[in-house]
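Here is a friendly tour of a structure that you can follow with the coordinates open beside you. Please take a look before reading on.

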Amino acid sequence: MSIVDDLQQLRADAATAIAGAEDLAQLDVVRVAYLGKKGSLTSVLRGLGALSAEERPAVGKVSNEVRQALEAAIDLRRADLSSAALDARVLAEAVDVTLPGRRRAPGTSHLITRTVDEIVEIFTGLGYKVAEGPDVELDYYNFTALNTPADHPARTPSDTFYVRDLTGEATAVAGESDVLLRTQTSPVQVRTMESTKPPIYILSPGKVYRRDIADPSHLPQFTQIEGLVIDEGITFGDLKGTLEHVCREIFGPERKVRLRPHFFPFTEPSAEVDVSCGMCGGGGCRMCKGSGWLEILGCGMVDPNVFGYVGIDPERYSGFAFGMGAERIAALKYDIPDLRHFIESDMRFLRQF
Amino acid sequence: MLVSMKWLRELVAVDLPVPELVDLLDMTGTKVEAVEVTGNALEGVVVGHILTKDRHPDAETLWVTTVDVGAAEPLQIVCGAQNFDAGDKVPVAVVGTTLPNGMTIKKAKLRGVASEGMNCSATELGVGGDASGLLILPADAPVGEPFSLYWDLADTVLELEITPNRPDCLSVAGVAREVGAVTGKPASWPGSTPDESGAPVAGSVTVRIDDPDLCPRYTARLIRGVKIGPSPEWLARKVASCGARSISNIVDITNYVMFELGQPLHAFDLATIAPGGGRADITVRTAKPGERLTTLDGAVRQLAEDTLLITDPTGPIALAGVMGGDATEVTDSTVDILLESACFDPASISRTSRRLGLFSEASQRFERGVDPNGCAAACDRAAQLIAQLGGGTVAPGIVDTYPEIVPPRKLALRMVRVNGILGADLDVGTVAGILTRLGLTVTTGSGDGDDGAVLSVTVPTFRPDLEREIDLIEEVVRVHGMENVPSTLPGGRGRIGGLIPQQRRRARAGAALRAAGLNEAITWSFSDPADVERIGWTFGPGELPVELLNPMSEEQALMRFTTLPGLVRAVANNQRKGVVDVHLYEIGSVWWTAEGRKLPKEREVLSGALAGSWDRPGWLDTEPMLDFFDGKGVLTSLMEAMGIERWRVHAADRAWLQAGRSAEVLVGGDVVGWLGEVHPKVLDAYEATGPVTVFELFAAPIIKAAREAQPFADIPRHPSVKVDMAIVVGEDIVAERVERAITSAGGTLLESVRLFDVYRGKGVEAGKKSLAFSLTYRGEDRTLTDEEVASAHDKVVRKVTAAVGGELRG
């Protein structure tokens with residue numbers, strides 16, 4: 001047999017071996033066996049030196065052809081096997097995509113904080129600042145400067161929490177102390193009026209306290225959001241326009257808003273604000289007790305007597321004030337049947353909002 | 001305030017359907033709390049015809065009747081009344097009916113005889129005061145007709161919320177006047193002139209007022225020869241429509257006139273009032289020390305010294321405006337009545353009724369303010385009714401002690417102010433019309449045109465709330481309709497809105513805690529005094545807890561001085577309900593005070609509690625229980641979000657934390673709070689299951705130290721080289737100390753140090769630990785050579801081992 005025949009035989013054998021390689025490792029063994037330094041083709045080529053000068057070019061040419069053919073076949077086979085290996089890996093790595101995701105759940109704002117934040121955002125958009133003050137207050141700021149009569153029932157110890165006064169002074173109010181837990185955030189308004197010249201545009205959210213037994217619709221500790229505007233030329237129409245805007249922002253643009261005359265010691269004229277019931281749309285249902293309306297805030301024009309306490313000229317300035325309960329608004333908006341959820345810190349409640 | 005539509009229509013011609021009237025009242029400040037259609041309560045009561053009346057075989061006072069109620073068969077009813085005969089028509093309650101007094105009629109046997117219903121008296125049906133026998137109906141009453149229909153009981157009663165500034169609306173006539181004003185219909189004010197005869201009252205009664213500030217006016221009339229008896233049906237019905245029970249003609253008349261005109265009245269039995277100088281001698285004065293009075297309800301009242309009293313020469317006979325005395329009460333044997341119609345100081349009445357816990361229809365009206373100029377007319381009207389219905393005669397004249405006549409108030413109302421406050425464009429005619437309809441007198445004073453005009457307004461004394469111009473403006477907008485004022489927004493030019501930096505930073509702290517996985521809680525601001533001991537809290541020198549004088553309960557008698565008990569309770573509550581993964585934070589205040597302080601110190605804290613695991617995917621891997629380092633991680637995230645680099649913790653004990661797992665948190669070298677795992681004893685006290693990791697930091701220093709923006713740090717351009725080193729040190733050497741030694745020795749080439757392993761055990765001798773750090777070296781301006789890194793690291797190893805007394809682990 002000639003060398004050329006050997007080469008052709010080798011090529012045929014190698015082709016079979018390449019085709020027979022079942023994975024990349026076997027293919028590599030085949031490659032080394034035929035094309036490696038000690039491989040069959042290499043050894044055939046090593047015998048080339050023994051050939052005559054005439055034979056050499058032809059055999060050389062064939063051997064190159066065989067090498068190239070084998071290399072091409074190996075590359076082809078390698079690509080096939082790689083692709084199959086990848087397919088196998090992909091198959092092996094498949095997961096059940098319906099298994100739960102892995103995460104660190106981010107925390108949540110308390111629904112009351114969230115409600116307050118939403119309302120603060122509406123008012124800062126209208127040019128208001130947020131004013132804050134202490135929960136433990138003086139009777140003067142909570143009642144007297146807000147035009148509350150000395151014998152008003154709200155001032156009695158059955159309605160308001162009083163705090164022991166450690167000054168040792170003889171105290172007058174309620175027979176015991178003139179230090180109390182604020183029953184409204186209006187003291188912040190008085191403090192602001194004392195310390196700031198108009199124009200005043202403030203919102204004062206905060207905790208307030210009233211001696212109610214905790215039940216589905218009462219908490220002795222709850223959250224009020226009050227607002228105060230004092231400027232030249234402020235009108236009742238401004239109050240009305242502001243609260244209509246705010247109520248629709250909170251509850252939705254489709255809701256109707258009405259102001260109903262009412263009485264508060266620190267505003268005149270005073271009104272309560274109702275929003276049309278979101279459950280029945282105004283037709284009357286369990287939620288609105290058949291009236292079609294939900295009462296959500298109290299408001300009015302600042303009483304001139306209040307201006308008198310803080311030294312603002314009521315002939316030059318006028319203003320309005322309003323107040324709402326964050327718990328009530330949240331309860332109405334999210335249909336929460338029992339206000340005690342807000343204070344119980346149950347993770348299953350907190351995590352819903 | 002309950003107002004019967006039937007009664008209201010007698011006084012004002014309202015032709016609006018009830019729902020429209022309700023809306024109108026709502027929108028003019030008299031909120032209608034409820035609308036009740038009455039009369040239906042007597043469902044099951046029908047007109048019956050007594051066919052037979054026979055003596056009960058076993059009871060002398062009972063009768064066995066058969067009664068036709070329009071059904072197929074007559075009913076057999078056993079009856080105890082004596083005032084009827086066979087052939088009478090009476091109201092019959094059939095089996096199943098529930099009467100106004102709550103009694104439900106059942107089939108029964110009375111002394112062995114079956115009874116299938118009840119023949120009713122007026123009292124049993126709530127339609128009159130006569131309980132002495134059956135209500136005998138006219139002979140033409142149609143048998144079987146529902147009694148409520150036949151008796152015309154159907155009525156609509158409005159329950160009105162009267163605001164404290166409107167005492168004038170605490171009467172049906174006052175509400176009628178208000179309805180007239182808002183509907184534009186004329187309303188009438190009932191009045192009567194008594195027919196007088198006999199000896200003048202002046203010879204029988206004298207009244208002195210010691211303190212006219214507490215009793216501006218006292219009027220009285222004397223009615224002689226009265227017979228106490230049941231009320232006629234119309235009177236009983238009217239009193240019932242206001243929610244009162246019919247008692248007797250005299251009591252009902254005083255109630256009736258109070259409901260009708262708003263003036264509380266009191267009837268004394270003249271014979272029981274001790275005379276002075278031959279006349280019933282009444283003095284209105286405050287209580288003397290030690291005085292007592294037995295009131296109508298039989299209670300003996302100790303009287304505080306500022307209690308306003310009606311007295312005779314022997315002592316108190318009534319609590320002025322609150323409750324009459326037992327001894328001077330009108331009884332069945334009363335012959336002559338002294339009728340009081342007075343005006344008392346609202347604050348005085350309010351104090352007395354609160355102190356004694358006595359709230360009556362009368363005290364509620366006096367508390368709000370009764371018109372001093374209405375006393376005499378109410379006295380006249382009631383006296384005339386007593387004479388009419390009680391068969392007596394009214395003595396000529398009225399006792400009227402009225403030291404200082406209260407005149408109507410005069411106010412100026414500037415139109416420019418009306419429109420300026422309201423933001424409206426009302427004309428003089430509209431404004432004057434509204435005020436006039438409310439019963440005020442308006443004359444146009446000075447000024448021209450709708451804006452320049454100043455109205456001169458006279459306010460009658462039944463409107464004590466109208467004291468100032470602004471009060472009149474309120475009346476104008478109330479009646480004009482708030483819905484008719486155009487809506488605008490304030491146009492103020494000098495304002496800037498938005499949050500201030502501290503508020504934004506607090507919000508950022510909350511956001512960081514949420515991003516770290518914590519959920520915001522709001523717990524009670526109150527604390528249990530026992531919490532102090534439970535957690536082992538120690539107040540600072542001179543510091544005291546803030547004590548409530550009137551807490552809701554002993555467990556909430558203090559203002560909280562730390563949020564810890566609230567948070568641990570919250571964890572325990574969750575665990576009790578089976579919720580074991582609890583991640584809470586709170587931003588809220590804590591309080592302390594000190595001797596000599598009025599207002600306490602109020603400081604805001606950021607606090608949190610962690611229990612259980614972060615999350616439990618379960619199928620993936622098991623999450624470890626949260627511990628100290630999860631808490632520290634939360635604080636790390638918080639500080640990073642706040643832009644605070646200079647913070648650290650160091651080991652420090654707190655009584656409520658487990659020793660060795662507790663630390664103080666420092667910002668810029670100052671202690672701002674604490675962090676740690678709750679002590680097992682404290683967990684037991686609150687029935688919580690550990691570990692529970694908690695922290696509490698003062699908000700102010702953190703907000704103060706926070707930075708708005710971090711300066712830009714250039715992204716490194718040259719490669720870094722990481723070298724690990726493990727160093728064996730004594731257990732007393734804290735990681736932070738080793739890390740600091742490394743940082744200090746590393747110089748400028750050492751970019752960062754990270755602790756990645758703490759090892760104890762095989763290969764490390766007992767009492768020691770191996771700390772493994774990964775050090776990153778990098779040149780700011782060049783790629784470091786191997787030699788540079790090796791030399792820098794050698795220096796670190798040398799210095800650190802020397803500084804902390806450790807040795808490199810092989």
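Predicted model: local features only at pLDDT ≥ 70, side-chain atom pairs only at ≥ 80, totals over all residues.

Residues are numbered from 1 along each chain as its sequence is written, chains are lettered from A and ligands numbered from 1 in the order in which they are written, and side-chain values use heavy atoms, with hydrogens and water left out.

Let us begin with chain A. Its mean pLDDT (the predictor's confidence in each residue, from 0 to 100) is 90, and 98% of its residues reach 70 or more. Within chain A, helix H3 (residues 40–46) has the lowest confidence, at a mean of 79, and strand S4 (residues 200–209) the highest, at 97. Helices (H or I, at least four residues) and strands (E, at least two) are DSSP runs, numbered from the N terminus.

Chain A is divided into domain 1 (3–92) and domain 2 (111–350), with bounds from an automatic or database domain assignment. The centres of these two domains of chain A, taken over C-alpha atoms, are separated by 91 Å.

A cavity is a set of points, on a 1 Å grid over the protein atoms alone, where a 1.4 Å probe fits but cannot get out; lining residues have an atom within 4 Å of a point. Grid points are joined across faces, edges and corners, and a volume is the space filled by probe spheres set on the points. The structure holds six cavities of 30 Å³ or more.

| Cavity | Volume | Lining by class |
|---|---|---|
| Largest cavity | about 110 Å³ | four nonpolar, six polar and five charged residues |
| Second largest cavity | about 70 Å³ | six nonpolar, three polar and two charged residues |

In these classes, Ala, Val, Leu, Ile, Met, Phe, Trp, Tyr, Cys and Pro count as nonpolar, Asp, Glu, Lys and Arg as charged, and the others, Gly among them, as polar.

The second largest cavity has B:Ile522 in its lining, alongside chain A residues including A:His110 and A:Glu327. Strand S5 (221–232) and helix H11 (341–344) of chain A each give two or more residues to that lining.

Finally, consider B:Val672, found in strand S35 (residues 670–678) of chain B. B:Val672 is buried, with a relative accessible area of 3% (buried means under 20%, with a 1.4 Å probe and protein chains only). Leaving out residues up to four places away in sequence, the contacts of B:Val672 (heavy atoms within 4.5 Å) include B:Val665, B:Phe698 and B:Ile702.

Definitions and conventions
1 Å grid on protein atoms, 1.4 Å probe; cavity = no way out; pocket = protein on both sides within 12 Å on 5 of 7 lines; lining within 4 Å. Buried < 20%, exposed > 50% of the residue type's maximum accessible area, 1.4 Å probe, protein only.
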